[in-house]
Amino acid sequence: MRKSILLVEDNPDDAALTVRALKKNQLPNDITVVHDGVQALDYLYGQGSFEGRDTREMPELVLLDLKLPLLDGIDVLKRLRADERTKLLPVVILTSSNEDQDRMNAYGCGANSYVRKPVDFATFVAAAAQLGLYWTDLNLPAPGRT
Amino acid sequence: MSISAPSFLYAGFQPHGYCYQWNSVLVWLNVFSDTLIAAAYFTIPVTLLWFIRKRRDLPFGWIFSLFGLFIVACGFTHVMEVWNLWHADYWVSGAIKSVTAAASVSTAVLLVNLIPTAIALPSPARWMEINHSLESEVQERRALELQLRLSETSYREIAALLEVTHDAIMEVTLENEILFWNHAAEKLYGWSKEEALGKTVHVLLHTVFPKPLGEINAELINIGSWEGELLHQRRDGTTVVVASRWAVSLKSGRAVAILKSNRDITMRRQEEDKFRSLLEAAPDAVVIVNDEGKIVLVNSQTEKVFGYVRSELLHQPVEILLPDKIRALHCGHRNDFFAHPKTRNMGAGLELKGRRKDGTEIPVEISLSPLETAEGLLVSASIRDISERKRAEESMRQADDKLRLLIQGVKDYAFLMLDPEGRVTTWNNGAERIKGYRADEIIGQHFSKFYPAEDLASGKPSRELEIATKYGSYEEEGWRLRKDGTRFWASVLITALRGKNGQLRGFGKLTRDVTNRKKAEEDADRQRQEIAQANAKLLLANNELESFSYSVSHDLRTPLRTIDGFSHALLEDLSDKLDDDSKSYLNRIRAATQRMAALIDDLLNLSRLSRAAMHAKPLNLSVLVNSVACEIRGAYPDRHVELRVAPDLQAKADAGLLRVVFENLLGNAWKFTAKKPSAHIEFGQAQVNGSAAFFVRDDGAGFDPAYADKLFGAFQRLHSASEFEGTGIGLATVQRIIHRHNGRVWAESAVGQGATFYFTLNAEVS
């Protein structure tokens with residue numbers, strides 16, 4: 001079974017660059033990109049525009065931007081943590097902000113990690129490589145999940 | 001005839017007739033004379049005996065007996081003279097003479113002793129006098145007897161009368177033996193007539209006399225009667241006080257007995273004692289006056305109040321206690337009172353004065369009560385010295401006057417009094433000044449005149465009086481009207497004034513014009529509101545600034561990432577198609593974006609430092625400097641920097657913010673000494689313009705002091721980026737932090753001379 005990553009990012013440039021950075025590292029992962037919080041929940045729970053998706057297949061990692069249209073990153077995180085199906089799902093916040101408040105909120109709501117997107121793409125690529133490697137290869141998810 | 005005796009009869013002696021040679025004439029002359037003398041001498045004692053028996057009252061009876069004996073003895077010697085003419089019984093004669101001698105010598109001696117006593121006996125003239133007075137008394141009695149006879153009262157009836165009277169009546173001999181004892185005496189003393197008769201009265205009754213009995217007797221003899229109080233003991237041992245009257249009982253002008261009448265006054269005396277202690281206990285001077293205006297009794301209070309001793313007052317006219325000028329008038333008043341005696345206060349409403357012995361006058365209050373007594377109508381005057389009260393009243397009155405003057409003179413307060421209905425009764429200067437009315441314009445007017453129309457319509461003035469009446473006072477601030485119709489903001493206190501019994505006497509009203517204060521308060525309120533509004537705006541601006549910072553951090557960086565990311569992608573993807581120039585351009589684009597990202601981060605940092613909460617506490621700056629320098633040294637391992645840090649410099653500051661300060665200042669020092677092979681950096685403290693300032697000094701590039709004031713502006717750089725890299729935010733950040741510590745930061749330098757950055761810290765400990 002292929003390991004997959006869900007990228008929640010409204011900015012298509014950022015999304016493209018993030019996907020490029022992850023791919024640069026030849027991670028064999030399947031990367032799904034959604035552009036807002038509602039889509040992210042629909043995808044994960046197989047509802048709305050993702051009606052019929054096999055929800056048994058959960059991504060290894062959710063990369064979640066904070067600033068999102070409709071439902072922002074913190075709200076999405078809260079929903080995920082409140083739902084039995086996703087409460088143990090690894091979520092890494094990937095954002096431009098390094099405001100203390102945002103960090104506090106993210107960790108407070110159950111984020112597994114918080115990564116600030118560097119402007120220097122080279123640095124970003126390095127960061128993406130580490131992220132992907134760590135969460136999809138090294139990290140062992142909670143038991144009971146397929 | 002022969003008168004000679006036969007000689008054989010008397011051996012040894014011859015009869016005395018031989019001495020006369022039996023001259024018959026001589027013999028018979030002696031016989032005759034001696035016989036007559038003897039006869040006379042024998043009769044005299046008989047006469048004396050008879051006299052003594054008749055006059056048992058006479059003193060010295062024994063001397064008469066002695067005289068009798070001595071004279072009889074003398075008689076016998078003369079009988080023997082006759083006998084011895086014929087018989088020579090000279091031994092018998094001598095024996096009789098010796099008896100006579102003993103009697104006569106004794107008599108002579110005793111007589112000598114007796115003479116002084118005998119001399120003390122009243123002379124006959126004195127006796128005559130006494131007799132005279134007794135005679136007149138006897139005559140009076142005779143007249144009485146006559147009267148008794150006239151009223152056909154028999155002696156028996158008088159005797160019966162003596163038995164029914166309450167007074168103990170007794171007759172005693174001159175030796176005080178009881179001769180008569182009536183029924184009342186039996187009752188009074190407890191001794192029956194049989195027991196009493198023949199007893200010595202003063203022994204029986206244990207009499208206690210007011211003065212020696214001798215004096216009493218002398219008075220009794222001189223005057224014929226005596227009156228006084230005696231203490232007697234009853235049979236049961238109790239004591240009884242009697243008013244005793246004694247009179248001499250005469251028979252044929254001679255005193256034969258003493259008549260006594262004793263009245264039991266024990267009860268009366270007790271009552272009197274009670275009365276006296278009551279009188280003494282009275283707080284007032286009590287003076288009792290008889291109908292002649294003479295003082296008959298005073299208590300000790302009187303002595304104190306008037307300064308006399310009791311004896312100086314008794315029997316004196318009561319006017320002695322009055323001031324001279326009203327004495328004459330008082331006699332009239334006194335007579336009026338005796339004519340219509342009833343208990344009342346004297347001279348109600350008048351200022352009464354009493355006069356002390358020393359002539360000073362004292363204010364008094366007097367109440368009069370008539371006393372019906374056996375001695376006639378008496379008046380008891382109860383006199384109270386009210387000097388103290390008068391003084392207190394006077395000082396109170398003076399205090400009142402002062403207070404009135406004070407109130408009258410007060411200018412800043414309107415003080416006025418209202419009657420219970422609310423009409424103005426007093427008006428001070430302050431009231432005139434504040435409200436504009438003169439006293440004569442407003443007194444008598446209702447105080448509602450001071451209230452604006454809307455208050456009158458709502459009945460406020462009367463409501464205020466109701467509240468003051470109910471709760472004691474009413475206090476408020478509100479608009480009031482001046483005479484000219486203008487309004488002023490008044491602070492008002494209305495106090496209900498009550499009399500001793502709680503009845504409402506009116507109101508005191510204190511009013512102050514506090515318009516200016518009111519205005520000031522309103523101004524202050526307005527200012528407070530303006531400040532609050534400004535604060536609210538500031539808060540809003542702050543919030544906006546925060547969301548601005550947030551969007552800067554988020555949104556401005558995102559395009560930079562896109563630019564850099566895709567430039568990087570181009571460089572990667574087209575590396576074999578792009579010439580060197582193109583690659584260089586793309587690299588420049590990437591450098592610019594990264595630089596802009598750094599600027600944005602620094603700006604955000606600056607903004608965050610300005611907003612971050614500050615916790616100032618005592619801090620060792622020297623330790624902090626060493627810690628920061630250590631990190632910097634680690635970042636530039638190939639630099640040779642000599643750092644000198646003054647030890648233990650202390651300040652109150654936020655440790656996190658001060659770390660940022662030193663990161664910037666030391667970082668700058670490191671940076672601007674980079675071109676020196678061996679740099680010197682120093683941290684210390686110096687006195688600059690009288691205040692202690694910390695400094696960071698380096699011997700690096702320095703700067704042109706002309707631009708010193710631009711150093712601390714954001715993005716201000718005095719060196720080109722190619723010369724020394726940096727965003728130009730560092731010193732702006734330092735300044736922001738120092739300002740947050742109420743401190744000041746400045747720099748001194750010259751090009752090539754190194755630079756010194758000074759700062760002060762005055763943070764309050766949080």
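Residues are numbered from 1 along each chain as its sequence is written, and chains are lettered from A in the order in which they are written. Because the model is predicted, local features are taken only at pLDDT of at least 70 and side-chain atom pairs only at pLDDT 80 or more, while totals for chains, interfaces and linings use all residues.

**Stop 1: chain A**

Chain A holds five helices and five strands, where helices (H or I, at least four residues) and strands (E, at least two) are DSSP runs numbered from the N terminus. Followed from the N terminus, these elements run β-α-β-α-β-α-β-α-β-α.

Of the 146 residues of chain A, 35% count as buried; a residue is buried if 20 or more other C-beta atoms lie within 10 Å of its own, exposed if 12 or fewer, and partly exposed in between, with C-beta atoms placed from the backbone.

**Stop 2: where the chains touch**

Next, select the contact between the chains, which takes 16 residues from chain A and 15 residues from chain B; two residues are in contact if their C-beta atoms, placed from the backbone, lie within 7 Å. On the side of chain B that touches chain A, the elements giving two or more residues are helix 19 (515-573) and helix 20 (580-611) of chain B, and helix 19 of chain B supplies the largest share, twelve residues.

**Stop 3: helix 18 of chain B**

Move to helix 18 (residues 460-471) of chain B, whose twelve residues reach 16 Å from the first C-alpha to the last, close to the 16 Å expected at 1.5 Å a residue, the expected span being 1.5 Å times one less than the number of residues. Which residues of helix 18 of chain B are buried? They are Glu464(B), Leu465(B) and Ala468(B), and they lie on the same side of helix 18 of chain B because they cover an arc of only 95° around the axis, the arc being that of the directions from the helix axis to the C-beta atoms. The face turned away from this buried side carries the exposed residues Arg463(B), Glu466(B), Lys470(B) and Tyr471(B). What covers the buried residues includes strand 14 (473-481), strand 15 (487-498) and strand 16 (504-513) of chain B. Helix 18 of chain B is followed by Gly472(B), whose phi is positive, near 100°.

**Stop 4: the nonpolar cores**

A nonpolar core is a set of buried Ala, Val, Leu, Ile, Met, Phe, Trp, Tyr and Cys residues joined through C-beta atoms within 7 Å. The largest has 46 residues, and those with the most contacts inside it are Val661(B), Phe662(B), Leu665(B), Leu666(B), Phe757(B) and Phe759(B). Helix 22 (residues 655-672) of chain B gives the most to this core, with ten residues. A second, separate core of 33 residues includes Ala40(A), Leu41(A), Leu66(A) and Trp135(A).

**Stop 5: Ile681(B)**

Finish at Ile681(B), found in strand 20 (residues 679-688) of chain B, which counts as buried because it has 25 C-beta neighbours inside 10 Å. Leaving out residues up to four places away in sequence, Ile681(B) touches Val641(B), Leu643(B), Leu666(B), Ala669(B), Thr673(B) and Asp698(B).
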